[in-house]
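Here are my notes on the model you sent.

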Amino acid sequence: MRAALEVIAERGYRGASLAAVAERVGLTQQGLLHHFPTKEALLVAVLRDRDRWDAMPAGRLRLDLLASLVEYNAMRPAIIQTFSALLGESVTEGHPARAYFTERYTGVRAALAEVLRAEYGDRLPSGLTPERAAPLLVAVLDGLQYQWLLDPESVDMASAFRDFLTLLGENTG
């Protein structure tokens, strides 16, 4: 998985090849195909593996832990860059990760709505419902990552995210 992630990070999904991944781990392409029958299957496995790294047990996620996740992401730019590039590529029709990202974002919005509901109840201080605010929270998280990737010296993701929590009404101390 790590080798596939590295190759995709270096070359992008379209430029990555099964042969390059196989070579990196000391397998033949046929040997790699034994484990992953297609390049698409390998890509989805890499993305799901990446999600397991960040997984929080159900009901354990809180807004303050999201801020910690943003700080953690700032320590692993290659993974964030790869994920962001794949996300960008996946909006094209027929991309093998499109269904994965669509499903992932549906789940992320639902999970964040529950986090917001646990923190604020049925209405945030602004009057928005958690379901209306959840896509905005996702947009801030992803948007900050893109800005940080482009200009890490000017964009402090963790501080900017804490500022957003302040806008939501969260006491960030």
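1. Rings of Phe, Tyr and Trp (its six-membered ring) count as a pair if their centres lie within 6.5 Å; planes under 30 degrees apart are stacked, over 60 edge-to-face, and the rest tilted. By that rule, the whole structure holds 2 aromatic pairs.

2. This is a predicted model, in which local features need pLDDT of at least 70, side-chain atom pairs count only at pLDDT 80 or more, and totals for chains, interfaces and linings use all residues. Residues are numbered from 1 along each chain as its sequence is written, and side-chain values use heavy atoms, with hydrogens and water left out.

3. Phe83 and Phe101 pair edge-to-face, 5.3 Å centre to centre with 70° between the planes. Phe83 lies in helix α6 (residues 77–90) and Phe101 in helix α7 (residues 98–120), so the pair ties together parts 18 residues apart in sequence. Helices here are DSSP runs (H or I, at least four residues), numbered from the N terminus.

4. Tyr100 and Phe101 also pair edge-to-face, at 5.0 Å centre to centre and 75° between the planes.

5. Phe83 counts as buried at 4% relative accessibility, and Phe101 at 3%. Tyr100 is buried too.

6. Helix α1 (residues 2–15) has a kink of about 85° centred on Ala9 (the bend is the angle between axes fitted to the seven residues ending at a residue and the seven starting there). Buried residues of α1 include Leu5, Val7, Ile8 and Tyr13.

Technical notes:
Helices (H or I, at least four residues) and strands (E, at least two) are DSSP runs, numbered from the N terminus. Buried means under 20% relative accessible area, exposed over 50%, partly exposed in between (1.4 Å probe, protein chains only).
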